[in-house]
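Student: I would like to go through this structure term by term, setting values against cut-offs. Can we start with the surface?

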Amino acid sequence: TRGEPFDLAILDLQMPRMDGLELGHAISTDPVLAATRLVLLTSIGLRGQAEKAKQAGIGAYLTKPVHRSQLYDCLRMIVDMPAKSAADAVDGESASRSNNVLVTVHTLKEAAAATRALILVAEDNIVNQKVAVCQLEKLGYRTDVVANGLEAVEAVARISYALVLMDCHMPELDGLEATALIRKREGEQASQRLPIIAMTANAMQGDREKCLAAGMDDYLSKPVKREHLAAMIARWIPGQSTPDEQKKPVLSETREPVHECVDSAMLADLRQLDVSCGLLSTLITHYLEEVPTRLATLQDALRQGDAGTLARVAHELNGSSGNLGVRRMRQLCVELQALGKAKDLTQAGDLLAQLVNEFELVRQRLMAEHATLAHDTLADDA
């Protein structure tokens, strides 16, 4: 109102007409506004846009939903620093580092919170990201998230993480290739070995051996139960397990099959996370919106004889289904993926028809669960 620029601006990434990155670039390149510090609000992970955010003058980003303490820590750090070097403060390092480093909320914590281990989650599926972050926060760990292997390699080069949870199948660079690059850099720089735990939706025979051969330290199959995740992290973060324990790779346990389309025990676990993260209702909504599109893509791939696309989409649907304990659909997706990899689609039509029918049962079950969550929320607010 006084014709003076603001000291700080909080920008949402997704806005009509001009998104947060475009607005950030316009502000940072305007001589009158260039001193304004910029914070970006985004969903979990920048999904390949971290470099664009740096170039747009963004000093830090916060992932939604933003907790009040996180916002306070972020604003306090950004405002207390010179406008042109706000992005230099990563993990308390001096401003001698490059001034286009993008920091996340987790690198802005005060010293008291720094004792909690910082874990990097490398995962391209946003639903899987949300599950992992909620589980880790519930266990008391801080998290950063990247959306592909290339971003994981870059993040590890910038920030000192206690451990990495690395998805095996990601765009740009998969988990195995990213791990190999990280190990190569460690060898060149004679740096301490960073624990890297593989995560995959397919617990195929030989997968664990491939992961360990690529330089990963251990292996978890999805969906990952919180207690298994806690035990795995405790084994590999220094000071929290004995050397003998650290030498023993551990596989996630597999639940006994039951005759229900959705695993009620899995939903109960997610309900516990829902108290602090609002996770389950979000997962259900996303899943019910996502599956019809994936089923249509699978049907198109089958009609066109595109075995590669059929295998890829079946794998993606397998991962999403695992997060919600959708048992039968997961198994059908595994079988479809195997047919796609073998380029033998003779039985794919029957499997796909079963998948469509099973989804109708799953949809009804999840809609009932979603209605229960909504009712409970209204009751709590009353």
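Tutor: The protein exposes about 18,800 Å², and carbon and sulfur atoms supply 53% of that area. Accessible areas come from the Shrake-Rupley method with a 1.4 Å probe, and for residues only the protein chains shown count as cover. This is a predicted model, in which local features need pLDDT of at least 70 and side-chain atom pairs count only at pLDDT 80 or more, while totals for chains, interfaces and linings use all residues. Residues are numbered from 1 along each chain as its sequence is written, and side-chain values use heavy atoms, with hydrogens and water left out.

Student: How many helices and strands are there in the protein?

Tutor: There are 14 helices and 9 strands. Both are DSSP runs numbered from the N terminus: helices are H or I with at least four residues, strands E with at least two.

Student: What share of the residues is buried?

Tutor: Buried residues make up 47% of the 382 in the protein. Buried means under 20% relative accessible area, exposed over 50%, and partly exposed in between (1.4 Å probe, protein chains only).

Student: Why is Glu172 called exposed?

Tutor: Its relative accessibility is 62%, so Glu172 counts as exposed, the cut-off being over 50%. Glu172 is in the loop between strand S7 (163–167) and H6.

Student: What kind of peptide bond runs from Lys222 to Pro223?

Tutor: That bond is cis, with omega near -5°. Most peptide bonds are trans. Pro223 lies in the loop between strand S9 (218–221) and helix H8 (226–236).

Student: Why is Pro223 called partly exposed?

Tutor: Its relative accessible area is 21%. Buried requires under 20% and exposed over 50%, so a value in between is partly exposed.

Student: Which residues is Pro223 in contact with, leaving aside its neighbours within four places in sequence?

Tutor: They are Met266, Gly322, Asn323 and Arg330, where contact means heavy atoms within 4.5 Å. Pro223 and Gly319 are 7.6 Å apart in space, C-alpha to C-alpha, and 96 residues apart in sequence. For the protein, among contacts between residues at least 6 apart in sequence, 64% join residues at least 24 apart.

Student: How do you know that Arg294 and Glu290 form a salt bridge?

Tutor: The closest N and O atoms are 2.7 Å apart. A salt bridge is a side-chain nitrogen of Lys or Arg within 4 Å of a carboxyl oxygen of Asp or Glu, so the pair qualifies. Both residues lie in helix H11 (residues 279–304), 4 residues apart, about one turn of the helix. Arg294 and Glu290 are both buried.

Student: What separates Asp300 and Arg303 in helix H11?

Tutor: They are 3 residues apart, so about one helical turn separates them. Their side chains meet in a salt bridge at 2.1 Å, N to O. Asp300 is partly exposed at 34%, whereas Arg303 is exposed at 63%.

Student: Which helix holds both Glu360 and Arg363?

Tutor: Helix H14 (residues 348–381) does, with the two 3 residues apart, about one turn.

Student: How many salt bridges does a search of the whole structure find?

Tutor: It finds 14. Arg183, Glu186, Arg193 and Asp217 are linked in a network of them.

Student: How do the residues of the lining of the second largest pocket divide, and what makes a residue nonpolar, polar or charged?

Tutor: They divide into 11 nonpolar, 5 polar and 5 charged. Ala, Val, Leu, Ile, Met, Phe, Trp, Tyr, Cys and Pro count as nonpolar, Asp, Glu, Lys and Arg as charged, and the others, Gly among them, as polar. Helix H5 (149–158) and helix H6 (175–189) each supply at least two lining residues.
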